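Reader: I have just been handed this structure, and I would like to be taken through it step by step. Could we go by question and answer?

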Number of protein chains: 2
Amino acid sequence: MNKIMRIDMAELKVYIENSPQNYQLLGGRGLSARILNTEVPAMAHPLSHENKLVVAPGLLAGTMAPSFGRISCGSKSPLTKTIKESNAGGTAAQKLDRLGTKAIIIQGMPKENQTYIIYIDTKGAQIINTPDLSGKMNYDLASTLQDKYGKDIGVISIGPAGEAKMTASTIAITDQDGRPSRHAARGGLGAVMGSKGIKAIVINAKGTKSIEPMYKERFRETIRDLVDILKQDKSRQSVSKFGTPGVINFLSQLGSMPSWNYHGGPVKGIENIYGETISKVNQSRGGRTHGCMPGCVVRCSIVFHGEDGQHLTSALEYETLAMLGTNLGITNLDAIAQMDRMCDDLGIDTIEVGSAIAQLMEAGVIEFGDDQKVIEILKELRGGSPIGKIVGHGAAFTAQFLGLDRVPVSKGQAIPAHDPRACKAVGVTYCTSPMGADHTAGLDYRDSLSREGQVNRSRDAQILSATIDSVGYCYLALPAKGQVMYEVLVKLLNARYGTDLNTEDVKNIGINTLKEELAFNHSAGWTDAHNILPEFMRMEKLPPNDVVFDVQQEEIDAIFKDLG
Amino acid sequence: MNKIMRIDMAELKVYIENSPQNYQLLGGRGLSARILNTEVPAMAHPLSHENKLVVAPGLLAGTMAPSFGRISCGSKSPLTKTIKESNAGGTAAQKLDRLGTKAIIIQGMPKENQTYIIYIDTKGAQIINTPDLSGKMNYDLASTLQDKYGKDIGVISIGPAGEAKMTASTIAITDQDGRPSRHAARGGLGAVMGSKGIKAIVINAKGTKSIEPMYKERFRETIRDLVDILKQDKSRQSVSKFGTPGVINFLSQLGSMPSWNYHGGPVKGIENIYGETISKVNQSRGGRTHGCMPGCVVRCSIVFHGEDGQHLTSALEYETLAMLGTNLGITNLDAIAQMDRMCDDLGIDTIEVGSAIAQLMEAGVIEFGDDQKVIEILKELRGGSPIGKIVGHGAAFTAQFLGLDRVPVSKGQAIPAHDPRACKAVGVTYCTSPMGADHTAGLDYRDSLSREGQVNRSRDAQILSATIDSVGYCYLALPAKGQVMYEVLVKLLNARYGTDLNTEDVKNIGINTLKEELAFNHSAGWTDAHNILPEFMRMEKLPPNDVVFDVQQEEIDAIFKDLG
């Protein structure tokens, strides 16, 4: 893993570069941040030839270490107009690392409006013109490519939403079953890939094997320790059993699971989408949970079957059940599963498009609770009426179209399914993270209704997230005491690379990533003035705890002052 | 002119306040900036109850001085998300000043979605619920109100676009003929008025008379001098004769008149829209030019008649002929006049909507030059398909919808009909003015193709614009040597208010206005990073002079460093 693959879509040429020595400890999000900050003008239009898309596995992706296979996609976001990294599971990262690829940098734009794929194997990379793939849905696309290149490829792709350059479009990654169910979903990065004319990156790692660490025994020992920690961790046990929907019972009672477009309050039939219910229903239909990447010990991903016993969707997550479910007044499990499948197929972020549809409901264009209308609108995303395309550009865009002023976004991005009034540390993260309103950028539910201490919690969580996003570790595999990961990482990285890192060094991977991202955003005109949540979240009391987001603004603005 | 009329739309109450003594030299744009900077949180959502709309005549509006009757509308803009002032001629400013009203501040929002008018006369102001006026076009609205309240009222109103809170919507002001042809057009302020539930402000100044200056004779003398200057000024003579379209011959040859969505190059039949042609055609049909406000000596406003000899539109301006004409490849005079009438009626900015339609043409949704399709789309703005509503939100919004990256906007606002590549001082203004891409914020065509000295020219022009926007003077009545206005203003203000101002003091009216606005924008998260034009204007050569916008960025960023 020491090659950088630079793909120039203006020249239609591939350049293989040796990764600079000082990039050794840069991977995933951290590497993406460094490259973007070095190479992309901060004020570039995100869909212009000046912007670049970086695809980078984490620092431990191709090893035997479990749950380290997340892949980072990074770019200047068409949605937030800031730097953005969005990562996902699946098999692509492991394969890329095993092929020795530290990052793919996609730059330039083809002169003609054409559709290409990038095919990568042990011989290198080719840019192939594939007009027949234009417009394909992600599932159809993945199987077409698997038919051609073999079942074992990894596919990184965009659906019609990315091709149409919708600012809520995703980049899909195939999972262990070969399904495009894992998504680098936030920030509209699918539109950047679309603007480069790339429909898919096909990764064929045939002939490669797992990366051997420098010190194998130490590496294996640490893995054993990590697996032990995870097996004894109660919250991970629940995630393993029920997937992310296992939290619904708790979060809906706390109020942090959004309902009725963030007005809050109970939604009839919510027990239909409890993790426990889903598990029962799904098992009776022959569905299961699996690990989205090989070797994962948490295995939280729900492979969901429909009433007919056939596969309907994979990776039915809490956020989707909230943003296309309760936040729209919907608790029809099968309908939400169908929406999830449609979003995966279209390549659109369920959080962003869900929040956009909530704006339609707020304006009375469609009724809260009308799951069939939601399905119709998702169908229209592909073509049809402009309404589909409008929601495909997200919540802020849809609100502007409708003339609404109560818009649950921060820095242009829909606030995800953790209401900051009931989970104040994540509220601080939404305000201050260079990623904007991303729960995965720094989540901490401890003492979550109190305003005290949340800035410190958010900062710690943000540093940890930036660290694990750089090594490719999955945040769903984080033990309850996340900070123990630093010790684990010290051992794994030293054994893998033969380095002599200590905890501070590993923490600095996260800190330096944040600094790089904050620097980019500063150059893109981002100031402390943007560290703010929508007025209604500071004014309207959220049931059942009657809380507002009331963390002191000065304290929030000071969050990174001593980052170094 | 010492009353501030505060209209609270949440309480549906009117409060008459005495203007603070230190507001004496604040009027129009300067007063609006002070009030907004004091009362509106910079990060407020522009359509929320936190935002306010300020309507303020200039400091000399109600006197006998000619061309001082522009009215300032100010607010946080839904389009640029910064402070915005947009001013227009017509009769409202004179009437308000004569009624002793220094400013109207509209705040809060009605609890129910209702339509109101504000009726103002010598007895005060009333808020009247007028459900029957909802949805009316501006022309119909103005005559309905004139039938009810008398021919001699001034009307400040919004059309369906403002009611739908489109971010390209305007605030219309009736002219001397009682037609809603003058528009505070830029920045989507009609949407703010719409969000407050106000369809119109009706001003009945019956029983009032012209404001008597403190020193009448000195005042009259200065007016005589000003009229002499204007009568001898060649450029004003041309404006008087041909209106603003008189510049088309010159600007199209220079290249600064945009064509083909800012790709540039000749447009067949452009001679059909030369000021000279329009004048000839219009006179033959019984049309004329007139002064939009009583007493104007320039009288540049074209009252245009259709082929049938009937009134078709008033105030057919250069910017409209460019943005709905040449920039769309259209030179059909009658079609453009019809579009202008439709935009006035809908209450939509011809610059912004024209640029949005150019994006549709760039994407191939409609053909360049297809004037009938443009008319169809403008019809759809009122209801119909979402495409109309989309262009009603302006160029940046439309480009996002279409996935385009070559977008001629600065700070979210469409660049008007003076291409910065061929008029570099105005390019510096677009980059740095707190108003964003507004030609009226600082225009200077001297040595316009050279990059040298343009920052100084822009700064001088911006200070002068901010000054005359505060006294309500029309920039179309500026003599070629604009700086002589400071001397004129010293004399007029001293004679009007009995003050003892010198040139420096008057210039400080403009400087302090800019400082107030820049401070607001700073608090709204605006930095030097935003002082930038779209990449294509820095890269693509504009015919016929093969120029790019190449003023040094560092020099641009330093423009206000010594403002004091």
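This is a predicted model: local features need pLDDT of at least 70, side-chain atom pairs count only at pLDDT 80 or more; totals for chains, interfaces and linings use all residues.

The questions and answers below go from the chains to the sheets and then to the cores.

Reader: By what turn can chain B be laid on chain A?
Author: The superposition leaves an RMSD of 0.0 Å and needs a shift of 0.0 Å along the axis. The two copies are thus related as by a two-fold rotation axis.

Reader: Which residue of chain B comes closest to the rotation axis?
Author: The distance is taken at the C-alpha atom, and for the residue in question it is 3.1 Å. Of the residues of chain B, the one that comes closest to the axis is Pro386(B).

Reader: Which element gives the most to the side of chain B that touches chain A?
Author: The contact draws on 31 residues from chain A and 31 residues from chain B. On the side of chain B, the elements that give two or more residues are helix H5 (189–195), helix H14 (386–391) and helix H15 (395–402). With four residues, the element that gives the most is H14(B).

Reader: Which strands stand at the edges of the six-stranded open sheet of chain A?
Author: The order in this open sheet of chain A is S8-S7-S12-S9-S10-S11, with mixed pairing, and its neighbouring strands are turned by 20 degrees against each other on average, direction ignored. Each edge strand has a single partner strand, so one side of each is left without a neighbour in the sheet. The strands at the edges are S8 (124–129) and S11 (182–184) of chain A.

Reader: Within that sheet, which residue in S10(A) is the bridge partner of Ser157(A)?
Author: Strand S9 (residues 154–157) and strand S10 (residues 171–173) of chain A run antiparallel and are joined by two bridges. The partner of Ser157(A) in S10(A) is Ala172(A).

Reader: How many residues of strand S4 of chain A are buried?
Author: Ile71(A), Cys73(A) and Ser75(A) point one way from S4(A), while Ser72(A), Gly74(A) and Lys76(A) point the other way, and all are buried. The strand, residues 71–76, is therefore largely enclosed by the rest of the structure. The number of its buried residues is six of the six.

Reader: Which residue in the turn between S4(A) and S5(A) has a positive phi?
Author: S4(A) pairs with strand S5 (residues 83–88) of chain A in the antiparallel sense over six bridges, and Asn87(A) in S5(A) is the bridge partner of Ser72(A). The two strands form a hairpin with six residues between them, and the phi in question is about 65 degrees. The residue in the turn is Lys81(A).

Reader: Which residue in S4(A) stands opposite Val55(A)?
Author: Strand S3 (residues 53–57) of chain A and S4(A) pair in the antiparallel sense, over four bridges. Opposite Val55(A) stands Cys73(A).

Reader: Which helix packs on the three-stranded sheet of chain A?
Author: This open sheet has the order S13-S14-S15 and antiparallel pairing, and its neighbouring strands are turned by 25 degrees against each other on average, direction ignored. The helix touches S14 and S15 of chain A, and its direction makes about 65 degrees with that of S15(A). The helix, residues 333–346 of chain A, is H11.

Reader: How many residues does the largest nonpolar core have?
Author: Those with the most contacts inside this core are Val55(B), Ala103(B), Ile201(B), Val202(B), Ile357(B) and Val391(B). Apart from it lies another core, of 176 residues, among them Ile104(A) and Leu251(A). The number of residues in the largest nonpolar core is 177.

Key: Residues are numbered from 1 along each chain as its sequence is written. Chains are lettered from A and ligands numbered from 1 in the order in which they are written. Two strands pair if DSSP finds at least two bridges between them. Axes are lines fitted to C-alpha atoms, for helices over the stretch in contact, and angles run from 0 to 180 degrees between N-to-C directions. Two residues are in contact if their C-beta atoms, placed from the backbone, lie within 7 Å. A nonpolar core is a set of buried Ala, Val, Leu, Ile, Met, Phe, Trp, Tyr and Cys residues joined through C-beta atoms within 7 Å. A residue is buried if 20 or more other C-beta atoms lie within 10 Å of its own, exposed if 12 or fewer, and partly exposed in between; C-beta atoms are placed from the backbone. Copies are superposed by least squares on the C-alpha atoms of residues with pLDDT of at least 70 in both.
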